[in-house]
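I opened this model to look up a handful of residues and then the overall fold. My entries follow in the order I made them.

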Amino acid sequence: MTKILLLSDTHSYIDDDVLKYVKQADEVWHAGDIGDLKVTDAIEALKPLRAVYGNIDDAQVRRVFPEHNRFMCEGVDVWITHIGGYPNRYNIRVKDEIKANPPKLFICGHSHILKVMPDKKLKLLHMNPGAIGKHGFHKVRTMLRFTIEGAEIKDLEVIEFKK
């Protein structure tokens, strides 16, 4: 069993409230718009991190993290990218690949809107954790916590903070 903390759109912001949840996870996944490597440094000081860069990230962040991160977590094929779209409306950058070779779990950020929804056609679960940073139009800062046990994704929980 692997406990995952999923966040995105930190925009250079991290605080002790977020780090409290980092400490409770086995792994942290960041879906882009990191902003400053001090954010990922703070996370990596506590737990293993898998991350991608986002559209606001500079060359320094892009040298450290890829645009797409596809990997296996236990029995779950995971694909993280920053700008991915949603079921039936995938971004042009991922559309052909996701149709040809769908993961079991597709994660993106960018919109600052928390959404978890199945893609019944491609038989995958789509997750966007919303934004945990303070920059942007969102009124509530959000992230997701869940577990992966074998091939199962379960115990999904939304974590919210005031902006």
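**Entry: Lys123.** I looked up Lys123 and found it in the loop between strand 9 (114-119) and strand 10. The model is a predicted one, and I keep that in mind for every value below. I read a phi near 55 degrees for Lys123, a positive value in a residue other than glycine. Most residues other than glycine have a negative phi. Is Lys123 buried or exposed? Its relative accessibility is 70%, so Lys123 counts as exposed.

**Entry: His11.** I then turned to His11, which is not a glycine and yet has a positive phi of about 45 degrees. I located His11 in the loop between strand 1 and helix 1. With a relative accessibility of 16%, His11 counts as buried, since the cut-off for buried is under 20%.

**Entry: Ser111.** I placed Ser111 in the loop between strand 8 (105-107) and strand 9. Ser111 counts as buried, at 16% relative accessibility. I asked what the side chain of Ser111 reaches. It reaches the backbone nitrogen of Ile113 at 3.1 Å, and a polar contact of 2.8 Å joins the side chains of Ser111 and Tyr86. Setting aside neighbours within four places in sequence, I listed Tyr86, Asn128 and Phe137 as the contacts of Ser111.

**Entry: His126.** I found His126 in strand 10 (residues 124-129). At 0% relative accessibility, I record His126 as buried. Which backbone atom does the side chain of His126 reach? It is the backbone oxygen of Gly85, at 3.0 Å. Not counting residues up to four places away in sequence, I noted that His126 touches Gly85, Tyr86, Pro87, Phe106, Cys108, Lys115, Val116 and Met117.

**Entry: helix 1.** I went through helix 1 (16-24) by accessibility. Its buried residues are Val18, Leu19, Tyr21 and Val22. They cover an arc of only 155 degrees around the axis, which puts them on the same side of helix 1. An α-helix has 3.6 residues a turn, so residues three or four places apart point the same way. On the face of helix 1 turned away from the buried side, I found the exposed residues Asp16 and Lys23. I asked what covers the buried residues of helix 1. The cover includes strand 1, strand 2 (27-30), helix 2, strand 11 (140-149) and strand 12.

I checked the N-terminal end of helix 1 as well. Asp15 caps it, with a side-chain oxygen 3.2 Å from the backbone nitrogen of Asp17. I also looked up Lys20, which is found in helix 1 and is partly exposed, with a relative accessible area of 44%. The C-alpha atoms of Lys20 and Leu46 are separated by 10.0 Å, and the two residues are 26 residues apart along the chain.

**Entry: nonpolar cores.** I took the largest nonpolar core next, which has 21 residues. Leu5, Leu7, Val28 and Met143 touch the most other members. I wrote down the elements that give two or more residues to this core: strand 1 (2-7), helix 1 (16-24), helix 2 (37-44), strand 3 (49-51) and strand 12 (152-162). Helix 1 gives the most, with four residues. Apart from this core lies another, of 16 residues, among them Trp29, Val52, Val76 and Ile107. In soluble globular proteins, nonpolar side chains tend to be buried together.

I looked at Val28 in more detail. Leaving aside neighbours within four places in sequence, Val28 is in contact with Leu5, Leu7, Val22, Ile43, Lys47, Pro48, Leu49 and Arg50.

**Entry: the whole chain.** I counted four helices and twelve strands in the protein chain. The radius of gyration is 14 Å, close to the 15 Å that the globule rule gives for 163 residues, so the chain is as compact as a globular protein of that length. Along the principal axes, I read a C-alpha trace of about 40 × 35 × 30 Å. Buried residues make up 50% of the 163 residues. Of the contacts with a separation of 6 or more, 51% are between residues 24 or more positions apart.

**Entry: the record.** In the model, the end C-alpha atoms of residues 3-149 lie 9 Å apart. I put this span at 20% helix and 36% strand.

Methods:
Residues are numbered from 1 along each chain as its sequence is written. This is a predicted model: local features need pLDDT of at least 70, side-chain atom pairs count only at pLDDT 80 or more; totals for chains, interfaces and linings use all residues. Side-chain values use heavy atoms; hydrogens and water are left out. A nonpolar core is a set of buried Ala, Val, Leu, Ile, Met, Phe, Trp, Tyr and Cys residues joined through side-chain atoms within 4.5 Å. Buried means under 20% relative accessible area, exposed over 50%, partly exposed in between (1.4 Å probe, protein chains only). Contact means heavy atoms within 4.5 Å. The arc is that of the directions from the helix axis to the C-beta atoms. A polar contact is a pair of N or O atoms within 3.5 Å; within protein, one must be able to donate a hydrogen and the other to accept it, and residues adjacent in sequence count only if both atoms are side-chain atoms. The radius of gyration is taken over C-alpha atoms; the globule rule is 2.2 Å times the number of residues to the power 0.38.
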